[in-house]
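Hello,

Here is the structure to take over, with notes on what was found in it. Please read the notes with the coordinates open.

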Amino acid sequence: MKRASFSAAVILLILSVPAEAQRNQIRIVGSSTVYPFATKVAESFGRTSEFKTPVIESTGSGGGFKLFCAGVGSEHPDITNASRAIKDSEVELCAKNGVKEITEVKIGYDGIVLANSRKAGRLKLTRKQIFQALAKEIPGSDGSLKPNPYRTWRDVDSTLPEVKIEVLGPPPTSGTRDAFVELAMEGGCKSWDWVKDLKKADKGRYQEICHTLREDGAYVEAGENDNLIVQKLDANPNSLGIFGFSFLDQNQDRVQGSFVDGVEPTFDNIALGDYPVSRPLFFYVKKAHAGVIPGIQEFVQAFASDSAWGPDGYLADAGLIPMPAQERSRLGSEVRRLAANVR
Amino acid sequence: MNSQPISPQAPSPTGPAQLGVDAVRARLRKRNAAARRFRLLCQAAVACSLGFLFLLLATLCLRGYQGFFQTLIEVDIFFDPQVLDPDGSGDAEVLASANYGSLIRSSLQEILPDTEGRRARRALGELVSLGAAYELQNRVAADPALVGTTQALSLVASDEVDLLIKGELSREVEESERRLSDLQIAWVDALDAQGRVRTRLSRYFFTSGDSREPEMAGVWGAVVGSAYTMLITLLLSFPLGVATAVYLEEFAGKNRWTDLIEININNLAAVPSIVYGLLGLALFLNVFGLPRSAPLVGGLVLTLMTLPIIIIASRAALRAVPPSIREAAYGLGASPMQALVHHILPLALPGMLTGTIIGMARALGETAPLLMIGMVAFIVDVPQGPLDPATVLPVQVYLWADSPERAFEAKTSAAILVLLTFLILMNTLAVALRKKAERRW
Amino acid sequence: MHLSLLLLILGLLATVGFVLGRHRALGLVDKAAQLRSLPGYYGAYVLLWCALPSLLVLCLWLALDSGFVDRLLMSDLPAAVQQLPEEELALYIRDVKNLATGNVVSGQAGRELQLGADRYQGLLRTNLVSRSLVVLGLAVLGLFLGWRSIDLRLKAMNRVEAAAKWILMAGSTLAVFTTLGIILSLIFEAGRFFRLVPMGEFLFGLRWSPQLALRADQVGSSGSFGAVPLFAGTLLITVIAMLVAVPVGLLSAIYLAEYAGPRFRTFAKPLLEILAGVPTVVYGFFAALTVAPTLRRFGEGLGLEVASESALAAGAVMGIMIIPYVSSLSDDVISAVPRGLREASLGMGATQAETIRRVVFPAALPGIVGGILLAVSRAIGETMIVVMAAGLAANLTANPLEAVTTVTVQIVTLLVGDQEFDSAKTLAAFALGLMLFLVTLVLNVVALVVVRKYREQYE
């Protein structure tokens, strides 16, 4: 009898929770690259303001847009993070579901590094060599294509070590993979003139040549867990890993970033724009939600404050590469205007 | 190998009989040696499997025990009215938005050498956690009279200092490759020499939710989330599972359909758990419109997963009750329902509970299905009800394992140890119940 | 009236019904007449009359009301709105509802929208009031009817027990349908996959590379769905796991059942079972970060090339996890072999080892085989260990030192992140899930047949 009354009480407790239409907590989805930064801002926002701490899910950029564009209303997220700009197809999807006004906020840059264990020698690569090592098909000088013949780095270039090519990298769903393919692979692929010319003539074919990674085991898809990649690199000095700069920054004593086109991936080099493989990071806000879900404007402003995204802010400590001062102040005032408008 | 009969014709100087005894003795020795070897092999196997267990636990403990501790730095903080409340208004909002980090830096500046200049002041600030400033803020908010006084406080050290004190951070690497500069290490050593550095059981680890600062991250939010999720799972799957088992075992006939159902239920254990998550996403979130990340949805999904386990265990428990009990009840004039409720169910209950606990233990350790329904998220606030966003313990393990900060490695192992403690407790309970159920008839 | 309040009142009414029914039954008793059932059954009888019909109606109401209200709302909207294409209409209705419930509205709330929202609020209120009235009215009516029908001839017990049986059946139907629903949805989605990719290619193709583009503007690579490398990888890892688990588990079981004293047994058996209770995420980390690098270093010492995500590491750790499945089940089966067999063998002069090997083991073999088959099906379906420790690249190889991938790993990679339910890429996960289900189905059936056929040999 006692047990029955106890469980009855518990059931009543559950049923009596009112089904609120209104959420009083910001919901954020999106890129796993932006996740470490967004969570830092969210935590400090939650602790210093009277609002609740936003809930952040790491779904990948593509998954984030899909959730974000599913509609307006408190059951849909308010903000999505992305490690690439929104695509036209996603803007259309949003519009179709009634998400008409979206505000894009750029928050800074992230370098994509190719790193290996400190126990091995440091590699000095060019983008062409990266392409040769990882592309599925290598263009010949005469306009032909052959399956990638390179087994070791020495095969690619005689200055490189006699080590088997083994690169751990993100799967196709990842925004990091999209950016790596567009920046590093395409950059190397362009060094063949006929491929470069193809870009205007037959874009699809061009992308197919430049963006396709090899599938014979030299490129190992290692899932989205970047930390596991770092630890696997530490355990296996012969392999390289592809991940964001923040993971390199936190694990400097275990892994080292390879030079790309003669530039070392350091904070300053990425910030100056010298390091070739870096991309901007964004978040997108649903305008319809601002002013209804409490705290959105304040959160966006907290993100866009110099104490967060500035060169001395706490996001820089976490590995975010800040934008140049001018760009930052321009975007910052835009964000403040957005907040003022909505109110 | 020893089944040949002893050959009587064997030529021997000492006679056939003597030979036979010798041969038997020799073979007996061999057989006994074989028996000893076999026994040893079996012992080795047990030792081996127990060894695996201890190896696993020892690895986790070695990696994780430091995650339970945190480094504190004792500092005398002067709550400078100049910084906190320059106008002397005493306004709560002014006090809340004051720069508490600067108080900490000033205090550290007084007890450490070479702290001139803006850069040094910044580097000084990195010694203590961001959380220390929040703590000061909370103290002042609770008691505004603190302004203007000097208090001896223990501040939480930053994760890098914590790692250094625990010996996890190598001092040998070049300065540029370390997270702490030579100067900072010198400061920490100076603080240590002054006896201001202490290592204590972490306050935050057991009482707070997730955080991006490893030194402030805790498992309490995840424990509460797990508790809500498990409660929902238990409330749904136990009655439903027992009702199904009772009906199938006691009332449904034995035919092809019930066979099919039985095989189907047995087989659900092999459906990868992530598929349940996908069904949960489609059904509970998209059709019923329940909130994302809520323990309610997590509980529903895990119910789908535990239901088969409970049904199987409950049916086995019902079958194990000897028919004589039922017959005796009938003989005294009980109806089938009375025999069931008054006699068979109470006897089968320990077995049913064992199965339930095992199913719940599996649900407690499950990560994959929760990936799909938004429970893998950064959630700082401890959930207040089954509809609040929450994570569960294994998800917290998964999230921390993916964090870039080095100090999370120890936290991950520590969280695993917490999870294992709960699992071992549940297992012990199941064993105790099974002992009760292991009644000989 | 709020749903929880309604349920609370229903519960109270039902309790009142129980008390009244019992009271009336007791009041009927006099010297001449006896009740046909215990008084509690009369109470339960009224309770059921009160609660069951009203709860059923409530459930139906909850399932149907939103569609009904929507239709009413729709018919009241201005004609211009009703002419809108379906998608825009759905958006408009959402806005109306959101406005009415104080939720986010996609655009500026116009006058028309406000009118619609007011109408919707009115409809909702009417719906709630009528729901409460109908349900509570039914409950009171049921209470009264049940209470009135109590007399000395009423066989309350039979009625109540029949109702209880129906309730049990409803519960089990619900559970059985959920379990069947899971399988049916697997089959349905897999069917959609096989419409896109021929079954022959899936079953016998030698190349697995599901790199289809999910977005229109993303460049994927080839999409080939030959699952043989996955099956081979799963088989390889399972074989390695069983090579670890079967000898260790079986010999442990023999020791526990035949040699160990009761004290060691009560302490060692639960300890071993902890191995099965450790969350698989933990094993995954153990395999990826401790076992794999150790194996690699060891292999390099011997001059072998070991991949950092070798099948051996994942398989060995999985084997450790499976040990208790083999040992626990085998232990039970060996203990169940009748004592007489052992005593007869020992009496004939066999050593204990010979008795075990020649008598006990063959007698227990069917059960052991069943247990091992169950362990195999557990190994095949295991996910997290292989996700963390095995690779993602589908190599067709039998070398345990190379990286292979498994069916479960691929299911997880296909489902986590971006999904698109009309792309063969996402649907492939269901086809793989179905394969997994079928394989374990066969294993389970074989195990069942083996155990059933030989189980009662010695009784």
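**Contacts between the chains**

Across the interface of chain B and chain C there is one salt bridge. Its partners are Arg31(B) and Glu354(C), with the closest N and O atoms 2.9 Å apart. Please keep in mind that this is a predicted model.

The side of chain B that touches chain C draws its largest share, 21 residues, from helix 1 (residues 16-64) of chain B. By type, that side divides into 50 nonpolar, 14 polar and seven charged residues. Seven residue pairs are in polar contact across the interface of chain B and chain C, both residues being at pLDDT 80 or more. In terms of contacts, 71 residues of chain B meet 74 residues of chain C. The area buried between these two chains is about 6400 Å², and carbon and sulfur atoms give 77% of this area. On the chain B side, Phe38(B), Leu56(B) and Tyr247(B) lose the most area to chain C, together 9% of what that side buries.

Chain B also touches chain A: 35 residues of chain B are in contact with 40 residues of chain A. About 3600 Å² is buried between chain B and chain A, with 49% from carbon and sulfur atoms. Arg179(B), Phe378(B) and Pro404(B) supply 17% of the area that chain B buries against chain A, more than any other three residues.

Five salt bridges cross the interface of chain B and chain A. Glu405(B) and Lys40(A) meet through their side chains in a salt bridge, at 4.0 Å from N to O. There are twelve residue pairs in polar contact between chain B and chain A, both residues at pLDDT 80 or more. Helix 10 of chain B gives the largest share of the side that touches chain A, three residues. That side of chain B divides into 17 nonpolar, five polar and 13 charged residues.

Strands also pair between these two chains. Strand 2 (residues 55-57) of chain A and strand 4 of chain B run antiparallel, paired over two bridges. Within this pairing, Ile56(A) stands opposite Phe378(B).

**Salt bridges and one serine**

Over all chains, the structure holds 40 salt bridges. A network of salt bridges links Lys119(A), Asp234(A), Asp253(A), Arg254(A), Arg406(B) and Glu409(B).

In chain A, Lys199(A) and Glu186(A) form a salt bridge, with the closest N and O atoms 3.8 Å apart. Lys199(A) is in helix 8 (residues 193-201) of chain A and Glu186(A) in helix 7 (residues 175-189) of chain A, 13 residues apart. Lys199(A) is partly exposed at 33% relative accessibility, whereas Glu186(A) is buried at 10%.

In chain C, the side chains of Glu258(C) and Arg342(C) meet in a salt bridge at 3.0 Å, N to O. Glu258(C) is in helix 8 (residues 228-259) of chain C and Arg342(C) in helix 12 (residues 339-347) of chain C, so the bridge ties together parts 84 residues apart in sequence. Glu258(C) is buried, at 15% relative accessibility, and Arg342(C) is buried, at 15%.

Ser377(C) lies in helix 13 (residues 352-381) of chain C. Is Ser377(C) buried or exposed? Ser377(C) counts as buried because its relative accessibility is 9%, and the cut-off is under 20%. A polar atom of its side chain lies 2.8 Å from the backbone oxygen of Leu374(C). Beyond neighbours within four places in sequence, Ser377(C) is in contact with Thr440(C), Leu443(C) and Asn444(C).

Regards

Conventions. Residues are numbered from 1 along each chain as its sequence is written. Chains are lettered from A and ligands numbered from 1 in the order in which they are written. This is a predicted model: local features need pLDDT of at least 70, side-chain atom pairs count only at pLDDT 80 or more; totals for chains, interfaces and linings use all residues. Side-chain values use heavy atoms; hydrogens and water are left out. Contact means heavy atoms within 4.5 Å. Buried area is the accessible area (1.4 Å probe) that two parts lose on being put together, summed over both. A polar contact is a pair of N or O atoms within 3.5 Å; within protein, one must be able to donate a hydrogen and the other to accept it, and residues adjacent in sequence count only if both atoms are side-chain atoms. Helices (H or I, at least four residues) and strands (E, at least two) are DSSP runs, numbered from the N terminus. Ala, Val, Leu, Ile, Met, Phe, Trp, Tyr, Cys and Pro count as nonpolar, Asp, Glu, Lys and Arg as charged, and the others, Gly among them, as polar. Two strands pair if DSSP finds at least two bridges between them. Buried means under 20% relative accessible area, exposed over 50%, partly exposed in between (1.4 Å probe, protein chains only).
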